[in-house]
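Subject: Structure handover

Hello,

Here is the structure we talked about. Please open it first, then read my notes below.

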Amino acid sequence: MPKEYRTIQEVAGPLMLVTGVEDVTYDELGEIELANGETRRCKVLEIDGNNALVQLFEPAAGINLSNSKVRFLGRSMELGVSEDMLSRVFDGLGRPIDDGPEILPEARKDINGLAMNPAARVYPEEFIQTGVSAIDGLNTLVRGQKLPIFSGSGLPHADLGAQIARQAKVRGTSEPFAVVFAAMGITFEESNFFIESFRETGAIDRTVMFVNLANDPAIERISTPRMALTAAEFLAFEKNMHVLVILTDITNYADALREVSAARKEVPGRRGYPGYLYTDLATIYERAGRQQGSNGSITLIPILSMPEDDKTHPIPDLTGYITEGQIILSRDLYRKGVAPPIDVLPSLSRLKDKGIGKGKTRADHANTMNQLFAAYARGKDAKELMVVLGEAALTDIDKLYAKFADAFENEYVSQGYTANRDIEETLAIGWRLLSILPRSELKRIKDEFLDEYYGKV
Amino acid sequence: MSKGTIKKVAGPLVIAEGMRDANMFDVVRVSEQRLIGEIIEIHGDEASVQVYEETSGLGPGEPVESTGMQMSVELGPGLITSIYDGIQRPLDEIMKISGNNLQRGVEVPALKRDITWEFVPVKAIGDSVVAGDILGTVQETEIIEHRVMVPHGIEGKIKQIHKGDMTVEEVVAVIETAEGDKDVTMMQRWPVRVGRPYKQKLSPDVPLVTGQRVIDALFPIAKGGVAAVPGPFGSGKTVVQHQLAKWAEADIVVYIGCGERGNEMTDVLNEFPELIDPKTGRSLMERTVLIANTSDMPVAAREASIYTGITIAEYFRDMGYSVALMADSTSRWAEALREMSGRLEEMPGEEGYPAYLSSRLAGFYERAGRVITLSGDDRQGSLSVIGAVSPPGGDISEPVSQATLRIVKVFWRLDSALAYSRHFPAINWLNSYSLYESNMGPWFNENVESDWMELRAQMMRLLQDEAELQEIVQLVGMDALSAPDRLKLEAARSIREDFLHQDAFHEVDTYTPLEKQYLLMQLVLNYYELAGEALSKGTAIDDLVKLEVREQIGRFKYVPSDQVKAEYDKILKTLEVDINNLSKKEDF
């Protein structure tokens with residue numbers, strides 16, 4: 001029986017100071033027992049001699065300095081994992097909330113995980129077909145990649161996220177897959193939207209859900225993504241499943257982290273977020289990937305809403321530096337009725353080059369992709385010029401580019417949330433649009449592909 | 001050696017008491033798990049230790065033991081082709097011990113102890129030697145001859161020297177010095193935070209040829225120079241760094257992945273052994289040392305990683321090699337510094353970074369250079385450093401970028417607008433610079449073609465003019481421009497699309513030798529010149545813009561090296577004939 005302490009000295013926000021403790025270690029999990037028998041969880045943030053600074057995972061309401069007791073459990077925060085977790089719903093701290101039975105764990109895993117040895121990683125290069133042209137054709141997702149969706153409040157990131165989860169598949173395989181879904185501080189409607197969407201397609205049986213809603217305690221959110229990834233690591237690397245992890249919304253997670261940091265009176269970095277936000281996010285995102293000796297993979301799609309649609313805000317900014325690309329949603333395109341409103345120019349998939357081409361998608365994929373990007377960028381410039389000076393000011397060729405840009409948005413990017421286009425269809429649409437331009441403009445495409453496809457689709 | 005106990009644990013910072021006898025920057029072993037740490041502050045008998053491994057589970061009362069040594073690296077045969085973490089532990093060996101995830105407290109020597117290397121003496125018994133002299137050589141890889149040098153602080157006569165297969169710990173020579181006989185092994189140690197000494201620094205005047213057109217032609221870096229690549233995420237910093245690691249004409253490449261993505265290191269590990277160095281015909285891995293401290297690995301080791309890397313690089317420089325070091329990214333290193341500084345409760349400078357940020361950065365970059373090494377034979381070696389900077393939001397007014405800019409001589413500014421239009425490398429030609437350009441101009445003129453610098457100047461002028469003309473076009477439209485100005489715009493577009501744009505993933509385009517770069521510059525500028533002449537004779541601008549031969553110029557960069565000259569002659573001929581035909585047409 002661990003020692004119990006009745007020596008809580010301070011409770012301030014999510015922090016608590018316990019004095020006179022012995023044999024307590026850094027990062028150790030603790031339990032607070034209230035007078036009414038209720039228990040709350042916490043962990044050691046700092047240990048200085050006999051004083052332990054403790055961070056609560058649950059609300060502080062009801063904690064009393066004189067009659068609440070603290071126990072330290074001699075281990076860090078763990079999650080009991082098992083294949084039975086599929087189709088179940090848990091709260092942000094990994095407790096079942098779906099009226100189902102407790103999970104009988106096959107193993108207990110530290111939720112912080114261990115860093116993957118870079119020498120043990122397997123480079124992700126298997127093309128995942130999401131059925132969304134703007135992703136498959138231009139920002140290709142591969143198995144084991146971490147590709148966030150940068151959105152803004154009011155934009156349809158949930159529709160896109162659910163569409164990807166529903167349609168994603170590796171062509172020509174029927175390997176076991178699973179979805180791990182973690183909700184952090186999102187509304188009931190949004191969370192329910194995902195659940196309903198999984199239910200409709202039957203994916204719900206292959207899904208593990210960790211749900212921390214907007215009215216659940218904010219500090220619980222700090223462990224939610226780690227719970228989800230611990231479950232995902234178990235399914236991927238021990239049960240050889242291909243796991244798609246969706247984390248939404250990272251902005252709420254970072255805000256919870258800021259709350260704890262502020263309570264500790266740490267020197268803030270940009271916009272009040274702690275200086276270690278990069279490292280902290282990296283320990284979440286970097287858990288995606290593939291590793292040697294296992295067939296499974298973790299593909300991670302974090303969703304975050306950019307405050308004021310500002311890509312340079314610390315959360316999207318640091319995320320972009322860690323993840324392997326980003327899918328950016330644009331309010332302008334949304335207003336124009338483009339669905340999904342993916343802004344392809346600033347979007348990027350860093351791993352696409354190894355995931356496309358002959359034997360994976362099609363030999364002409366890389367060339368057409370570069371050409372579509374370049375042409376759309378020029379078309380947008382032409383359109384801007386047209387707004388200022390009128391159509392007459394454009395050269396003939398720029399008029400064609402402007403026409404291309406419009407067609408590109410309406411036919412290539414816009415497809416709705418139910419269309420599931422295979423890669424051949426995506427490439428065919430690309431060629432049809434490129435044929436708007438004269439062949440001499442298509443400098444980024446090899447002659448052999450032009451001979452084969454230009455004007456023929 | 002001093003032994004103390006843990007008093008406080010806060011993240012990677014451990015405070016130990018009873019450490020009065022420890023020295024500043026001593027390496028310590030923390031707790032029963034013997035985690036590696038380094039003393040970074042001493043107050044009375046309390047020492048602040050930054051721990052290079054995850055500290056969860058540590059508590060007060062556990063032992064802390066000083067090793068009495070500073071953080072050092074092992075230098076000797078076996079470095080090349082290795083992949084190390086931030087404190088020089090071999091990641092492939094760790095994997096054999098602890099599996100796919102990094103466990104704590106793993107102890108593996110940096111250089112393999114059981115491998116033997118064939119040591120071939122170049123000095124003989126009775127020879128007098130000074131520190132830095134080459135005692136003998138080891139063929140470390142097919143292309144790298146490892147030169148075993150007399151360690152620093154040793155000077156005297158060789159008493160014994162052995163030939164044959166030996167491990168790094170066996171004595172290869174005994175040197176009789178004023179302080180008695182000293183054993184020399186193939187391995188030596190050097191503290192990472194101290195730059196290795198040299199006799200004299202020289203000013204850099206030979207370019208480090210990279211095969212990247214925008215770099216070699218417009219903003220070249222010198223052997224022994226320092227360059228910074230700042231840019232927002234997605235602008236291609238890492239691709240630029242990888243391209244340089246692959247194609248830069250250095251003998252040795254040290255690549256430090258500091259706080260970056262794990263998959264990027266895997267990419268390097270997969271790709272480099274497959275790639276063939278055009279100069280030696282051997283795999284690129286045979287000249288590469290990798291340091292990987294990815295973003296999810298402990299933050300304190302990230303701080304150490306760039307010092308580990310540069311010390312290894314200096315060691316090869318001392319052998320007389322030209323070494324290139326890439327650090328991706330120095331911003332992550334600075335953040336690690338900030339995190340430790342925060343935990344030490346130091347008074348922060350700008351944006352929470354410690355006040356000593358800029359002096360630390362300067363100290364790091366200043367370890368680059370072209371030098372005459374210590375040793376009797378005045379060998380020359382060079383160490384070029386290329387640091388990536390990841391400014392938040394791409395805004396280079398932040399402290400790390402600014403501190404870096406004050407030191408570096410070459411600045412490749414990556415631009416997100418260029419990246420969006422998939423113009424790679426996205427190095428902005430208007431606000432990047434190279435301060436070595438005038439130093440190295442004569443080299444290019446002598447070694448490539450005598451008018452290299454002139455062509456370069458013409459290109460820069462056209463690009464500059466284009467920027468000004470574009471402003472006018474934005475205001476009043478293309479029609480307002482005169483025909484010569486429109487031609488200028490076309491020529492500048494051709495420079496951008498046909499010359500500067502380079503596809504890192506295209507088998508031919510990924511590397512362009514200087515001779516081919518020159519020919520391509522000639523083609524682009526010849527078009528401008530010939531078209532200009534035709535224009536003055538009355539040829540219509542639209543016809544000149546639509547010339548079919550321009551498409552061939554655009555494809556010239558994809559022409560394999562062996563056909564370059566023939567293709568060049570052919571295109572030039574067509575260009576002359578076609579333009580001539582156009583002006584004839586006008587005559588009728």
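A salt bridge here is a side-chain nitrogen of Lys or Arg within 4 Å of a carboxyl oxygen of Asp or Glu. By that rule there are 92 salt bridges over all chains. Keep in mind that this is a predicted model.

**Salt bridges**

Side chains of opposite charge can pair when their charged atoms come close. Start in chain A. Arg171(A) pairs with Glu424(A), with 3.1 Å between the closest N and O atoms. The two sit in distant parts of the chain, 253 residues apart. Arg171(A) is in the loop between helix 2 and strand 15, while Glu424(A) is in helix 12. Arg171(A) is partly exposed, at 33% relative accessible area. Glu424(A) is partly exposed too, at 34%.

Next, look at Glu233(A) and Arg287(A). Their side chains meet in a salt bridge of 2.9 Å, N to O. This pair also links distant parts of the chain, 54 residues apart. Glu233(A) belongs to helix 4, and Arg287(A) to the loop between helix 6 and strand 18. Are these two buried or exposed? Buried means under 20% relative accessible area. Glu233(A) has 17%, so it counts as buried. Arg287(A) has 5%, so it is buried as well.

Now chain B. Glu38(B) and Arg193(B) form a salt bridge at 2.7 Å, N to O. Glu38(B) lies in strand 4 and Arg193(B) in the loop between strand 17 and strand 18, so the pair ties together parts 155 residues apart in sequence. Glu38(B) is buried, at 1% relative accessibility. Arg193(B) is partly exposed, at 23%.

Some bridges share partners. Lys443(A), Glu490(B), Arg493(B), Glu497(B), Asp498(B) and Arg550(B) are joined this way into one network.

**Cavities**

How many cavities of 30 Å³ or more are there? The count is 8. Helix 6 and helix 7 of chain A, and helix 6 of chain B, each supply at least two lining residues. The lining has 8 nonpolar, 2 polar and 4 charged residues.

The second largest cavity has a volume of about 90 Å³. It also has 14 lining residues; closest to its centre are Gln326(A), Pro346(A), Gly234(B), Ala419(B) and Tyr420(B). Helix 9 of chain B gives the most to this lining, with 3 residues. By class, the lining of the second largest cavity is 7 nonpolar, 5 polar and 2 charged.

**Backbone**

Most residues other than glycine have a negative phi, and most peptide bonds are trans. Check these places against that.

- The peptide bond from Ala339(A) to Pro340(A) is cis, with omega near -5 degrees. Pro340(A) is in the loop between helix 8 and strand 21 of chain A.
- Phe424(B) and Pro425(B) are joined by a cis peptide bond, with omega about -10 degrees. Pro425(B) is in the loop between helix 9 and strand 26 of chain B.
- Lys265(A) has a positive phi of about 60 degrees. Lys265(A) is exposed, at 73% relative accessibility.
- Glu345(B) has a positive phi near 60 degrees. Glu345(B) is exposed, with a relative accessible area of 64%.

**Surface**

Which residues make the nonpolar surface patch of about 290 Å²? They are Ile472(B), Leu475(B) and Val476(B). Ile472(B) is in helix 11 of chain B. Ile472(B) is partly exposed, at 39% relative accessibility.

Best wishes

Definitions and conventions:
Residues numbered from 1 in each chain as written. Chains lettered and ligands numbered in written order. Predicted model: local features only at pLDDT ≥ 70, side-chain atom pairs only at ≥ 80, totals over all residues. Heavy atoms only, no water. Patch = residues over 30% accessible without salt bridge, like charges linked within 9 Å, V, L, I, M, F, W, Y side chains within 5 Å. Areas by Shrake-Rupley, 256 points an atom, 1.4 Å probe, with all protein chains shown as cover. Helix = DSSP H or I, 4+ residues; strand = E, 2+ residues; numbered from the N terminus. Buried < 20%, exposed > 50% of the residue type's maximum accessible area, 1.4 Å probe, protein only. 1 Å grid on protein atoms, 1.4 Å probe; cavity = no way out; pocket = protein on both sides within 12 Å on 5 of 7 lines; lining within 4 Å. Points joined across faces, edges and corners; volume = space filled by probe spheres on them. Nonpolar A, V, L, I, M, F, W, Y, C, P; charged D, E, K, R; others polar.
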